[in-house]
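Below are some notes on the packing and the charged pairs of this model. Please read them alongside the coordinates.

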Amino acid sequence: MTTARRKSYGVKGAPYAFLLPATILFALFFALPIGYALWLSLHKVKVSGLGLGAGARKEVWAGLENYTDALTDNELLDGGLRVLGYGAIVVPVMLGLALLFALMLDTDKVRLAPFTRLAIFLPYAIPGVVAALLWGFLYLPDVSPFYFVLDKLGMPQPNLLDGGPLYLALSNIAVWGGTGFNMIVIYTSLQAIPAEVYEAAKLDGATPLQIAVKIKIPMVAPSLVLTFFFSIIATLQVFSEPTTLKPLTNSVSTTWSPLMKVYRDAFNAGDIYAASAEAMIIAIVTLIVSFGFLRAANSRNKQEEAR
């Protein structure tokens with residue numbers, strides 16, 4: 001083999017060499033666990049007799065039985081409905097506030113912009129479990145300073161950890177923690193808009209509100225789609241907030257969300273086969289919802305470009 005040919009092979013193989021470490025990590029920590037979960041979801045344990053002695057419990061092929069049981073499990077379905085109600089509050093409020101803050105920071109008259117950006121983003125840097133604990137104690141009537149102030153003022157003291165207000169309490173934690181990240185994504189897109197666009201709009205007599213509504217928001221639409229996409233995935237996989245608040249109230253069951261149901265079946269009930277099937281169903285639903293949303297967004301963009 002000539003030197004020139006060796007150099008040619010070396011140049012062609014360089015990208016694969018750079019991709020190899022990431023490919024190995026992807027296979028070990030993502031692809032293989034998913035494959036193992038899929039394999040577990042298609043099996044179950046068959047118990048013979050009293051389940052004692054060698055060979056009394058053995059793993060057998062179950063086919064789609066675990067999936068059928070999961071899809072007919074009222075606890076899993078009820079958890080999915082609760083998550084939909086939770087998401088109906090979290091996603092629009094969080095993205096609405098993120099867009100509002102980004103538009104406010106992207107004005108010439110704003111003061112202390114770096115400090116304000118940091119203050120809005122800072123809650124995102126706090127781990128979800130820590131944030132849920134902090135808000136959980138603020139929700140407890142016996143220790144919360146808010147309830148103390150309301151009591152002194154003679155105002156009603158709602159129990160945010162019971163019934164319908166529980167959705168607001170959980171949503172508040174998610175909104176408080178996620179608004180800053182989404183705001184940074186949208187704000188970065190706003191900073192990328194050329195200044196000449198704003199100058200042309202001002203020369204045409206556009207007001208700051210008209211510039212925000214008719215220029216800024218349409219031009220950051222891809223960022224809004226991205227943040228909406230991430231928010232949907234995070235909502236369908238909510239786990240830490242209700243799990244952390246569970247010791248503080250009886251209104252949060254061990255199956256409040258689908259992932260909590262998976263955790264209970266896997267680690268409390270010890271049925272990793274049923275839990276794997278439930279996890280695969282959650283992953284499939286997340287994939288379908290995400291893919292459907294992205295496809296709808298792409299179709300709309302193509303229609304707008306055609307116009």
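1. Beyond its neighbours within four places in sequence, Ala102 is in contact with Met183, Ile186, Tyr187 and Leu190; contact means heavy atoms within 4.5 Å. Ala102 is found in helix α3 (helices are DSSP runs of H or I, at least four residues, and strands runs of E, at least two, numbered from the N terminus). Ala102 has a relative accessible area of 0% and is buried (buried is under 20% relative accessible area, exposed over 50%, partly exposed in between, with a 1.4 Å probe and protein chains only).

2. This is a predicted model: local features need pLDDT of at least 70, side-chain atom pairs count only at pLDDT 80 or more, and totals for chains, interfaces and linings use all residues. Residues are numbered from 1 along each chain as its sequence is written, and side-chain values use heavy atoms, leaving out hydrogens and water.

3. The largest nonpolar core has 22 residues, with Tyr86 and Trp256 making the most contacts inside it (a nonpolar core is a set of buried Ala, Val, Leu, Ile, Met, Phe, Trp, Tyr and Cys residues joined through side-chain atoms within 4.5 Å). Helix α7 gives the largest share of this core, 6 residues. Apart from it lies another core of 17 residues, including Ala102 and Ile186.

4. Lys261 forms a salt bridge with Asp73 at 2.8 Å, N to O (a side-chain nitrogen of Lys or Arg within 4 Å of a carboxyl oxygen of Asp or Glu). Lys261 lies in helix α12 and Asp73 in the loop between α2 and α3, so the pair ties together parts 188 residues apart in sequence. Lys261 also meets Glu278 in a salt bridge at 2.9 Å, N to O, and both Lys261 and Glu278 are buried.
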